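I opened this notebook to record what I looked up in one protein chain. The entries follow the order in which I consulted the structure.

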Amino acid sequence: MTPTPSLVILSTHGKDGRDVVKGILDKECLPEPSSVVDGVECWEWWVENKYYTATVQLACVSQPEQCLPWILENGEALIIYCDSAQNDVLERVNSLVEKTEDFEPEVQLLVCDALAEDDNTDTLSTLKGQQWCISNGWELVELHPHQPQAEDPEEDDFHESWGFKRICQALHAYTWSNLTMKDSQGNRLSAVLQSVSSQEDKSASSPQEGEEVMYSRLDNLALEESASNPPDEELENALDPSMIRDCLGEDGDFENLFSSFEHLKRTAANLPPNQRRDYAEKVAVAFWRAMGGDEDEVDGLGLDSD
């Protein structure tokens, strides 16, 4: 039986990982947890976004060293909930990281209640926390920052959020191993994108790995930093299904098609943030049409939206 993917939650002295679970589930009181192994308490979380659904375990681990085999087998994301008021907080965090050894998932969040604004203190300041996260490949999340930024609804997809909203955003953006696309259209499009990626990633040991590679590419396509806007004519030509179809060649060579994809990706990098997500969808639809996909499956999406 395939294990349910888990968000592993560790905490430093004085903090309770169950408070993180409460925040993610948006509950004041938690139901009784299920105990999968000694030292691990789990609560089920139903993840749903625009593209997929998944069932995830929120796992509070009190003994990471003893539970390391379970973490390595089941864990897919990691949160360390720390007490930023402790003068040795980073030492405690480093100790927890060392105890989990080779567990380095794609999502790694260092969570605290609030950071000190003054760097000349023994507590964890914003600067010290950010420096540690940058050096170690983590993301820093404050639950209750002293000066939270005002949110702009028009830039919500790209705004730097805070608190449990940011935690949930990061977890929803991850491709959990047991995810299910929300409809037949999503399943068909993911199959197309998987077949495209398989030619470049021939060493992938499973279809799921190939699909994750392509979704990673589309994510990068949508979120890379922008430089300048490409000419409208170039953008329209890049998305012309006939041009993408020509890239297939006479024998439908997917390697040629991927060369076109890389060009489209570079084009996306020059778009402003509010246009990249729409552009990524248009690319997927253009690929679908170029390979003779059923027009009903993409009716009203992508290229038809202009």
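**Entry 1: the chain as a whole.** I noted at the outset that this is a predicted model. I looked up the secondary structure and found eleven helices and eight strands. I then checked burial: 42% of the 306 residues in the chain are buried. The accessible surface comes to about 16400 Å², and carbon and sulfur atoms account for 44% of that surface. For contacts between residues at least 6 apart in sequence, I recorded that 68% join residues at least 24 apart.

**Entry 2: helix α3.** Which residues of helix α3 (residues 89-99) are buried? I listed Val89, Val93 and Leu96. Seen down the axis of α3, these buried residues fall within an arc of 60°, so they line one face of the helix. On the other side of α3, I found Glu91 and Glu98 exposed. I next asked what the buried residues of α3 pack against. Their partners are the strands β1 (6-11), β5 (75-81) and β6 (107-112), together with helix α4 (126-136). Just after α3, I noted that Glu101 takes a positive phi of about 50°.

**Entry 3: helix α5.** I repeated the check on helix α5 (residues 163-173), where Gly163, Ile167, Cys168, Ala170 and Leu171 are buried. They cover an arc of only 160° around the axis, which puts them on the same side of α5.

**Entry 4: Asn74.** I located Asn74 in helix α2 (residues 68-74). Is Asn74 buried or exposed? Its relative accessible area is 7%, which is under the 20% limit, so Asn74 counts as buried. Leaving aside residues up to four places away in sequence, Asn74 touches Pro3, Thr4, Pro5 and Ser6.

**Entry 5: salt bridges.** Side chains of opposite charge can pair when their charged atoms come close. A search of the whole structure gave five salt bridges, and I examined several of them. One joins the side chains of Asp113 and Lys15 at 2.3 Å, N to O. This pair links distant parts of the chain, 98 residues apart: Asp113 lies in the loop between β6 and α4, and Lys15 in the loop between β1 and α1 (17-25). Another joins Arg166 and Glu139 at 2.6 Å, N to O. Arg166 belongs to helix α5 and Glu139 to strand β7 (residues 139-142), 27 residues apart. I recorded Arg166 as partly exposed at 21% relative accessible area, and Glu139 as partly exposed at 25%.

Notes. Residues are numbered from 1 along each chain as its sequence is written. This is a predicted model: local features need pLDDT of at least 70, side-chain atom pairs count only at pLDDT 80 or more; totals for chains, interfaces and linings use all residues. Side-chain values use heavy atoms; hydrogens and water are left out. Helices (H or I, at least four residues) and strands (E, at least two) are DSSP runs, numbered from the N terminus. Buried means under 20% relative accessible area, exposed over 50%, partly exposed in between (1.4 Å probe, protein chains only). Contact means heavy atoms within 4.5 Å. Accessible areas come from the Shrake-Rupley method with a 1.4 Å probe; for residues, only the protein chains shown count as cover. The arc is that of the directions from the helix axis to the C-beta atoms. A salt bridge is a side-chain nitrogen of Lys or Arg within 4 Å of a carboxyl oxygen of Asp or Glu.
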